[in-house]
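Here's a quick briefing to read alongside the model. Have the sequence and the 3D view open, and follow the points topic by topic.

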Amino acid sequence: MTLPLFPETYSVSALAGEVRALLREAYDGVWVTGEIHALKIHRSGHVYLDLVEKDAAGDTILAKLDAVLWARDHERVRRLLTQHGQRLAEGLTIRCRCNVDFYPPHGKLQVQIRDIDPVFTLGALEMRRRETMAALVAAGLLDRNRALPLVDLPLRVALITSEGSAAYHDFLSTLSESGYGFQLLFFHAAVQGPQAEREVAAALAAVGRFAVDCVVMVRGGGARSDLAAFDSRAIAEAVAMTGVPVITGLGHEIDESIADRVAHTMQRTPTKAAEFLIGLVAEAEDRYQRVRSSLMREAEEPLLTARRRMERATQGLRLAVTRLARQGDRVRELGRGLAALSRRRLGEAARRREETRIRLGLAAPRMIQRQDEAAERPLRRLADLAGARLGKAAIVLAGLERLASSLDPQRTLHRGYSITRTSTGRLLRQPGEVRAGELLRTQIERGVVTSRVEEGETER
């Protein structure tokens with residue numbers, strides 16, 4: 001009897017071990033590029049992270065690998081990155097040499113990072129910077145914020161940084177020590193890591209709702225790769241579109257981010273950004289003091305001139321008082337003489353007035369009588385003339401009354417005459433003016449007679 005043949009059967013551990021061996025052999029020391037996500041540094045020194053690949057828009061993850069950087073390699077890689085101004089951070093795209101391993105207890109594929117190429121990371125960052133700069137130039141945004149005027153006294157300041165950070169305290173303490181009355185409006189935002197780009201852009205957009213003189217955006221020092229968020233297009237566009245000047249102090253003495261380039265003014269550190277504002281206020285104060293001193297000098301000179309003139313005038317016034325005193329004595333003497341003369345003249349005038357009054361009292365009745373007689377003579381002549389003219393008018397009026405009475409139509413009717421009119425009221429003078437059958441109205445002395453025409457004939 002032949003026993004049935006079964007294909008080879010693996011145990012789980014055996015298959016997992018074989019897969020592990022195959023992966024280690026096939027992918028030993030391969031180079032992989034990817035963006036760091038979910039970065040965690042353990043107390044042991046091991047670094048755990050995800051290497052991801054995104055689509056062209058940067059929104060969707062196309063692939064992801066779990067990765068680890070063991071502590072024995074971490075310190076060496078950290079020193080290498082530091083020499084190139086970099087450090088491991090989320091959002092950073094790296095090129096790393098790896099081994100691919102399979103961990104049987106967890107059934108998990110894991111990439112073990114052995115080394116990182118810092119030159120590749122710098123190149124990726126530089127390419128991103130160039131693309132962003134080209135887009136800003138094409139949109140006309142590169143110098144938009146720089147063209148805004150910065151006020152002489154920028155005391156109302158909006159601050160964008162991470163609350164409680166060293167940059168936050170350095171900036172505030174420097175302003176406070178100046179003694180000037182700065183008014184601060186604070187906006188919290190992460191200044192590195194995956195949230196920095198979104199939060200900084202949102203804070204810049206929110207500034208537009210408030211009345212401030214300028215915006216200050218600061219962060220502390222760190223690796224060159226920590227500035228990656230400030231090379232982003234979103235933050236650069238937000239800086240360019242801010243309606244007030246933006247001042248940066250991003251903590252790097254050598255490197256310049258795109259945000260620095262787009263901003264109105266770049267300062268190297270938060271402290272220098274604060275000192276820049278203090279310097280502007282100090283310059284304005286100095287200008288004020290110079291103007292004040294100039295105005296004081298200009299105001300004092302006329303006062304001194306006026307004082308000298310007043311002193312001369314006071315001396316002249318004292319001399320005038322002395323002269324007036326002497327003239328006053330003379331005036332009093334003349335006054336006494338004038339009073340005596342006035343009394344004599346007034347006495348003589350009173351006597352002449354009394355004599356005139358007596359003469360007028362004697363002559364007035366005769367003058368009044370002559371005036372009355374002279375006034376009555378024209379009135380008598382006027383009355384005689386008016387009476388003669390009224391008599392003539394009465395005679396003429398009587399004649400006109402007799403004439404009117406003789407011409408009265410009623411007297412003519414009384415003598416037997418009549419007046420005939422047509423039915424329309426037209427006066428009838430000739431028989432030919434009417435036709436047979438037409439009505440006539442004849443007025444006689446005591447009424448009106450109506451008749452109808454049978455035949456009319458004109459006299460020849």
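Glu-53 has Ala-63 in β3 as its bridge partner. This is a predicted model, so local features need pLDDT of at least 70 and side-chain atom pairs count only at pLDDT 80 or more, while totals for chains, interfaces and linings use all residues. Residues are numbered from 1 along each chain as its sequence is written, and side-chain values use heavy atoms, with hydrogens and water left out.

**Strands β1 to β3**

- β2 pairs with strand β3 (residues 61-69) in the antiparallel sense, over eight bridges; strands count as paired if DSSP finds at least two bridges between them.
- On the other pairing, strand β1 (residues 28-41) runs antiparallel to strand β2 (residues 47-54), with five bridges joining them.
- β1 and β2 make a hairpin with five residues between them, and Gly-45 in the turn has a positive phi of about 100°.
- As for the naming, helices (H or I, at least four residues) and strands (E, at least two) are DSSP runs, numbered from the N terminus.

- Asp-101 sits in strand β4 (residues 93-103).
- Buried or exposed? Asp-101 is buried, with a relative accessible area of 5%; buried means under 20%, exposed over 50%, and partly exposed in between (1.4 Å probe, protein chains only).
- Its side chain makes a polar contact with the side chain of Gln-112 at 3.0 Å. That term means a pair of N or O atoms within 3.5 Å; within protein, one must be able to donate a hydrogen and the other to accept it, and residues adjacent in sequence count only if both atoms are side-chain atoms.
- Leaving out residues up to four places away in sequence, Asp-101 touches Arg-20, Arg-24, Lys-108, Leu-109, Gln-110 and Gln-112, where contact means heavy atoms within 4.5 Å.

**Salt bridges**

- Side chains of opposite charge can pair when their charged atoms come close.
- The count comes to 19 salt bridges, each being a side-chain nitrogen of Lys or Arg within 4 Å of a carboxyl oxygen of Asp or Glu.
- Asp-213 and Arg-156 meet in one of them, at 3.0 Å from N to O. Asp-213 lies in the loop between α5 (196-207) and β8 (214-218) and Arg-156 in strand β6 (residues 156-161), so the pair ties together parts that are 57 residues apart in sequence.
- Asp-213 is buried at 10% relative accessibility, whereas Arg-156 is partly exposed at 35%.
- Arg-233 bridges to Glu-237, with the closest N and O atoms 2.8 Å apart. Because they are four residues apart in helix α6 (residues 233-241), about one helical turn separates them.
- Arg-357 bridges to Glu-354, with the closest N and O atoms 2.3 Å apart. They are three residues apart in helix α8 (residues 270-406), so about one helical turn lies between them.
- Arg-357 counts as exposed at 51% relative accessibility, and Glu-354 as partly exposed at 34%.
- Asp-73, Arg-76, Arg-114 and Asp-115 are linked in a salt-bridge network.

**Glu-433**

- Glu-433 is in the loop between β11 (419-422) and β12 (439-444), and is partly exposed at 31% relative accessibility.
- Setting aside neighbours within four places in sequence, Glu-433 contacts Arg-426, Leu-427 and Leu-428.
- Glu-433 and Met-310 are 123 residues apart in sequence and 118 Å apart in space, C-alpha to C-alpha.
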